[in-house]
Amino acid sequence: MPRKGMRSLCFSPETPSFRRSVSPPSRASLSIKHRRGFSELSVEQTIAASAALFAKWDIERPSYARVTSLFYESKGEAVNFIRSVNDLHKIMHFLPNDRGSGSEKLSQAQRLLQIAMKRLQKEFYQILSMNRAHLDPESVSTRSSRTSTQSSFSDYDYDASPDSGIGAVGDSISEVKEVSFMAMSDLKLIADCMISCGYSKECVQIYNSIRKSIIDEGIYKLGIEKLRSSQINKMEWDVLNLKIKDWLEAMKISMRTLFTGERILCDFVFSSSDSIRESCFSEITKEGAVTLFGFPEVVAKAKKSPPGKIFSLLAMYAAISDNWQEIETIFSFESTSAVRSQALKSLTRLSDAVRSLLSDFESTIRKDSSKSMVPGGGLHPLTVYSMKYLTFLADHSNILTDIVSNWPQPAKSSPPESYLYSPVSIGSPASAISVRISRLILVLLCKLDSKAKHCKDVAVSNLCLANNLQHVICAVHKSNLRYLLGQDWIAKHEAMVNQFAENYERLAFGNVFASLPKNPTAPMTPAEAKECFRKFNVSFEAAYWKQISMVVPDSKLRDQIKASIGRKLVAVYRKFFDNHISAIGDEKSVTLFIRFFPEDVGNYLSDLFIRTAGSGSSSSSSSKSHRPHLQSPSKA
């Protein structure tokens with residue numbers, strides 16, 4: 001209802017609610033002793049005192065009281081006003097409604113009560129309206145509904161009974177909090193009075209109208225709007241992603257202040273009636289809360305599924321899941337069950353969408369159409385992309401555990417048991433995500449293996465597998481994946497890298513190793529020594545030019561391969577060189593048959609694996625000026 005209409009309803013003397021009479025309770029329920037407790041003199045005094053005070057603050061009279069606030073002008077007089085209303089209402093139960101002087105007094109009391117209710121209704125509206133800043137959810141949520149606080153009326157000798165819900169707090173209350181609580185206390189005092197006098201409907205109408213506008217405004221300012229799936233599907237992903245980020249921020253604020261503050265305020269103001277505080281809170285917040293918790297469901301059902309969408313879905317799942325206890329507490333009423341149901345429905349939809357995207361990710365790896373490996377044996381883009389994806393997934397392992405714990409593995413393509421290395425037992429819920437991750441890595445490695453088989457150079461295919469598997473292991477080491485897969489998994493795959501590296505060395509430099517005698521110090525004729533040097537020159541130069549374009553991005557693996565080749569080649573060649581150089585003859589013969597000194601071999605090996613594919617330059621310059629010049633076969 002518009003605010004103007006509400007004012008008319010609340011304050012017009014023609015409002016039907018104020019023309020009703022208050023019927024006293026059945027006389028049979030009242031004892032004679034209690035009725036005698038109110039003498040005719042005390043009744044007349046109560047009515048007279050009330051009439052004088054109510055007339056002063058009658059909103060229908062053209063006086064200063066008509067444009068000012070009772071609670072603002074004099075808190076003490078406001079407390080007396082409330083006390084007078086309660087006293088008046090109390091004696092009405094003991095006045096006879098049959099004809100006679102008692103009936104006249106009852107009619108007079110009813111008229112006075114209607115005047116008082118109009119004033120209290122106006123005060124209730126003014127306090128809510130004028131204290132919007134102090135009754136905003138953030139201010140209200142700073143205090144607990146279960147924390148007792150100091151009555152703002154204690155200075156006026158008002159009876160703050162235990163049943164009033166007003167107690168004592170520490171002396172150090174900030175000015176803002178104090179003003180906030182004073183307004184809340186005034187509202188509670190008025191609400192208790194109006195409810196006890198039978199005017200709860202008018203009180204609730206004002207409260208709901210003003211407070212719902214505040215909640216709706218808060219939801220709007222947070223950027224939350226009700227969207228349909230068709231609208232989501234038409235959005236560009238960048239636009240939708242911004243809306244998701246806005247929603248995540250709105251979720252924090254809503255749970256921390258917006259709904260929490262409103263629940264505290266409702267519980268406090270209407271503490272005298274469980275049914276009223278429930279109906280008010282439900283009426284004020286349900287629509288906005290359903291809209292807030294409904295957004296993730298609509299996003300999860302959207303058709304657009306870019307690779308990064310899964311992380312946005314996981315963030316929304318976490319936002320609801322992490323706040324689930326607060327959601328159940330704040331929206332605990334039966335009338336707000338729709339809010340809890342919507343939040344649960346969004347969790348289910350998000351879970352289904354995440355599972356679907358995980359399946360799509362696996363399918364993307366399987367269907368990668370590129371058949372060849374990267375030139376030079378470097379990292380395949382599929383490896384880099386997949387491990388970056390899995391690394392981010394590992395950061396959400398707790399949420400993923402909830403999502404995949406009851407998700408069965410495809411029966412026909414479960415990974416071999418040897419790949420299921422995990423720091424936890426396979427039967428535990430936490431192992432479900434470990435199994436999923438290890439499965440996805442297995443799918444990636446199988447895909448890389450199938451690509452390597454298309455490579456004509458077996459040495460290059462082994463180097464490529466070593467490089468890509470090393471990248472996988474490094475990604476696991478540097479992320480939360482190491483906790484999911486465990487050290488056994490890492491050790492097993494490191495052994496595989498070593499095997500691929502050894503295969504590469506054997507295939508790439510096998511002819512060079514074979515050109516040298518098994519016993520480099522064994523005696524041989526000058527002719528045999530010359531032939532051995534010649535074979536070494538040819539094989540080493542051929543291997544060098546072929547392998548100079550190979551790449552090993554990981555420095556640890558690169559140093560490991562170089563060191564291994566150096567141990568098998570440089571050390572053996574040095575012994576052979578030292579033992580047989582004298583058999584070559586004079587300096588001219590040495591120049592003719594020996595192209596590489598031992599240090600030259602080591603220098604050339606240092607050039608390997610640090611160039612980009614197709615590069616013709618080396619990043620190493622050590623002893624380059626003293627090396628023999630090697631002409632590329634393509635330029636020969």
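Predicted model: local features only at pLDDT ≥ 70, side-chain atom pairs only at ≥ 80, totals over all residues.

Author: Helices (H or I, at least four residues) are DSSP runs, numbered from the N terminus. Residues are numbered from 1 along each chain as its sequence is written, and side-chain values use heavy atoms, with hydrogens and water left out.

Reader: In which helix does arginine 211 lie?

Author: The helix in question covers residues 200-221. Arginine 211 lies in helix α9.

Reader: Is arginine 211 buried or exposed?

Author: Buried means under 20% relative accessible area, exposed over 50%, and partly exposed in between (1.4 Å probe, protein chains only). Because its relative accessibility is 0%, arginine 211 counts as buried.

Reader: What kind of aromatic pair do phenylalanine 533 and phenylalanine 577 form?

Author: Rings of Phe, Tyr and Trp (its six-membered ring) pair if their centres lie within 6.5 Å; planes under 30 degrees apart count as stacked, over 60 as edge-to-face and the rest as tilted. Phenylalanine 533 and phenylalanine 576 form a tilted pair, with 50° between the planes. For phenylalanine 533 and phenylalanine 577, the centres are 6.3 Å apart and the planes are at 90°, which makes the pair edge-to-face.

Reader: Which helices does the pair of phenylalanine 533 and phenylalanine 577 link?

Author: The two residues are 44 residues apart, in distant parts of the chain. Phenylalanine 533 belongs to helix α21 and phenylalanine 577 to helix α22.
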